[in-house]
Amino acid sequence: MIFRHKVFRLFTEILITVKSSVCAPEITFKIILLYDGFFFIPFSLLQGIFFPCEIYLFNIQKGNKISNSLCLYLTLYKRELNFKAIKLFQEDNMGEIFSKVSEKEVTSAIVSGFIKEFEKIIESDVIIVGGGPSGLMAGKELSSKGKKVVIIERNNYLGGGFWTGGYLMNKITVRHPGEEILKDLGIPFEEFGEGLYLADGPHACSKLIAATCDAGVKILNMTTLEDVVLKEKGAVGGVVINWTPIETLPREIASVDPIALESKVVIDATGHDANVVKKIEERGILKTKGYGAMWVEKSEDMVVKYTGEVHPGLVVTGMAVSTFFGLPRMGPTFGAMLLSGKKAAEVTMEILSR
Ligand code: 48H
């Protein structure tokens, strides 16, 4: 059962995954063989010990292809040796295109990069909860005016409801003067009718996200607001957060305490849920009315008008304004979200200058 034997240099790593089950105590082994040049493996021995097994071959010698005869050999003996699968990975181009960086260096870059940035945002000027159109817009405006801003987003992705228009269709609308913001952001749009403009949801959303990040806003995604920090005279002084996966597991499984971030102002941009406001409402301090029925012409003007500070240190923007004040909803038209975000930034700048 010996194939060839000139060099048997690397038979380095044997990764064994043992899968056992009570009913069928079958054991499956995965064997990773690193080989360099000529090949010699006591297959019969392997067959005797490991059954059944999967074999992965890595050719680590540069420029040396796994030979046809070896493939033939493996094919011929595949059945006899009862191998579940034989996969060949040729790595003879290793290091020719990409720089040589190992797994531990990749991990180290991520860990140190995250910690370095996280330490800087433990305290900031403004925390925006919610990365939908209003929150992104507010963040972009504040950051471009030199403020230290963090967006907390419970999803893996930013953009909230801005990716799609109504009814899962990828077109969003804005009414005048919303198109001016589209123009500023470099988002292509067309005039659909007088004062009504149409843009592509994914294009608009990705441009807004990019502009927000370019302005310097830091993002904590997969992070959920769990509570608020209330300080002197009940003023909001920050947020209590946890990883979204922790928040979504039952308490008895994931009893993990949250942590807190401090800021001078918190903006509630959590959309229909108005989740920051609701945390204060739970303590009997504020009362949300719930958003009203749709009335496009009325709602958008009102959302922008009512955007502002609703409690010391807490500003509301976007759909959270409708929910807090009981204003009509507007459906898939986003001008008010963008303008409300802009106004939330102006109000916040005023608070910060006090
Ligand atoms: C962390 C959270 C939490 C939490 C929520 O829904 P959004 O897009 O919100 P807006 O107000 O910027 O825009 C609303 C718009 O998209 C819309 O739905 C309109 C115009 N509807 C009209 C109508 O008639 O229905 O984004 C809110 C974001 C989302 O990304 C959430 O995941 C996030 O906030 N979020 N993040 N912690 N507790 N709650």
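How much space lies in the largest pocket? About 720 Å³, where a volume is the space filled by probe spheres set on grid points joined across faces, edges and corners.

Good morning. The model is predicted: local features need pLDDT of at least 70, and side-chain atom pairs count only at pLDDT 80 or more, whereas totals for chains, interfaces and linings use all residues. Residues are numbered from 1 along each chain as its sequence is written, and side-chain values use heavy atoms, with hydrogens and water left out.

A pocket is an open set of points on a 1 Å grid over the protein atoms alone, where a 1.4 Å probe fits, with protein on both sides within 12 Å along at least five of seven lines; lining residues have an atom within 4 Å of a point. The largest pocket has 36 lining residues, and G160, G161, T270, G271 and H272 lie nearest its centre.

What takes up this space? The ligand does, a molecule being placed in a pocket if more than half of its atoms lie within 2 Å of the grid points. Around the ligand stand 27 residues, the closest being S134, E153, H272, N275 and R329; to be near, a residue needs a heavy atom within 4 Å.

Let us turn to polar contacts, pairs of N or O atoms within 3.5 Å. A polar side-chain atom of N275 is 2.8 Å from a ligand nitrogen. A backbone N or O atom of M319 lies 2.8 Å from a ligand oxygen. The protein buries 92% of the 800 Å² that the ligand exposes when taken alone, by the Shrake-Rupley method with a 1.4 Å probe.

Key:
Polar contact = N/O pair within 3.5 Å; in protein donor to acceptor, adjacent residues only side chain to side chain.
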